[in-house]
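Subject: Structure handover

Hello,

Please find the structure below. My notes on it follow.

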Amino acid sequence: MIETKLGNIFLDKCFMNASGVYCKNLDELLELNNSNNVGAIISKSCTLELRHGNPNPIYWDDGKTVSINSSGLPNHGYNFYIDENLTSKFTKPYFLSISGLCIEDNIKIVEESIKNTQISGIELNLSCPNVIGKPQIGYDFEVMDLILLEVNKIVNIRKNVDKQFNFGLKLPPYFDFSHFDKVANIINKYNIDTITCINSLGNGLVVDYESESVVIKPKGGFGGIGGTVVKPIALANVRKFSELTNCDIIGCGGISNGKDVFEHILCGAKAVQVGTQFYIEGIQVFERLENELLDIMKEKGYNKISDFCGKLNIIN
Ligand code: RRO
């Protein structure tokens, strides 16, 4: 009922974790792999070398509506995530999220990761908001074009022998039609299979009224915003990129119940990733979301995702 395809890769369920949430360590990745309700798994964004990330506290949420994080890209270094001793343990499609600190790092990580035939694809993260001194690539269109040109060449080496390999991007949220057009025009020059919309809304600020203080430590309290508050922005990005590109869209942002999943798919998402609500609720969230989505589909008379994917009604 809720199987889907991303590029040429089949997912028996349309649910994934959002990169960053419970996917840094082996036990976390295995828990995702062993869930009956998750269709594919993705790693924490990785860099060339191990990173400890920013000083605590790096995360805060209000239990549902808003989260803020400034994790600062903590990860074990890319070698950990492409090691065959790790990847051989996975029975689901496994995507490597890559967030190199410079173009050369991204190229090196992509070059090495395409050698591992157990990896189903990469999600190039162009939208980490939390590394001090490193602006989000997704907001610098010239650099974005340059990186995609180089990475696309390398990924094509693998794609030429393996049609099942996915090249995906994770984008920041855009807010202006001219930016949607510019980014889509860049993406359409390359052989990109998926776009994940959206990463957290960069550099928000949450204030604790009682203590008159920020709620996280790094960068004076600024961080990436997630939670249900970002859903309308996520839906707009899903919708726009599904209209402007031929990529399969992975919806991410503001999903806490089956209705949110349904809306993402209605706007054009072929799969969804769950971040804040996964962090709050743990692995059980995927079973609940699946049951809630199935109830909605039954009520509306839909048998499969393609029955309503992208079929948002417009008022004439
Ligand atoms: O690690 C982080 O601080 C982080 C990353 Br890489 C990202 O892509 N998005 C986010 O909200 N946090």
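A polar side-chain atom of Ser200 lies 2.7 Å from an oxygen atom of the ligand, a polar contact in the sense of a pair of N or O atoms within 3.5 Å; within protein, one must be able to donate a hydrogen and the other to accept it, and residues adjacent in sequence count only if both atoms are side-chain atoms. Of the ligand's 310 Å² of accessible area on its own, the protein covers 93% (Shrake-Rupley method, 1.4 Å probe; for residues, only the protein chains shown count as cover).

This is a predicted model, where local features need pLDDT of at least 70, side-chain atom pairs count only at pLDDT 80 or more, and totals for chains, interfaces and linings use all residues. Residues are numbered from 1 along each chain as its sequence is written, and side-chain values use heavy atoms, with hydrogens and water left out.

Ligand site

A polar side-chain atom of Asn69 is 2.8 Å from a ligand oxygen atom, and a polar backbone atom of Gly72 also lies 2.8 Å from an oxygen atom of the ligand. Residues around the ligand (a heavy atom within 4 Å of it) include Lys44, Leu73, Asn125, Cys128 and Asn199.

Leu73 has a positive phi of about 65° although it is not a glycine. Most residues other than glycine have a negative phi. Leu73 is found in the loop between E6 and helix H2 (78-82); helices (H or I, at least four residues) and strands (E, at least two) are DSSP runs, numbered from the N terminus.

Sheets

Four strands make an open sheet in the order E5-E6-E14-E11, with antiparallel pairing (two strands pair if DSSP finds at least two bridges between them). Strands E5 (59-61) and E11 (201-205) are at the edges with a single partner strand each, so one side of each has no neighbour in the sheet. E5 pairs with E6 (residues 67-69) over three bridges, and Asp61 stands opposite Ser67 in E6.

Another open sheet has eight strands, with parallel pairing, in the order E3-E16-E15-E10-E9-E8-E7-E4. Its edges are E3 (15-17) and E4 (41-42), each with a single partner strand, so one side of each is left without a neighbour in the sheet. Met16 has Gln273 in E16 as its bridge partner.

Cis peptide bonds

The bond from Asn56 to Pro57 is cis, with omega near -5°, and Pro57 is in the loop between E4 and E5. The bond from Cys197 to Ile198 is also cis, with omega near 15°; Ile198 is in the loop between E10 (194-197) and E11.

Regards
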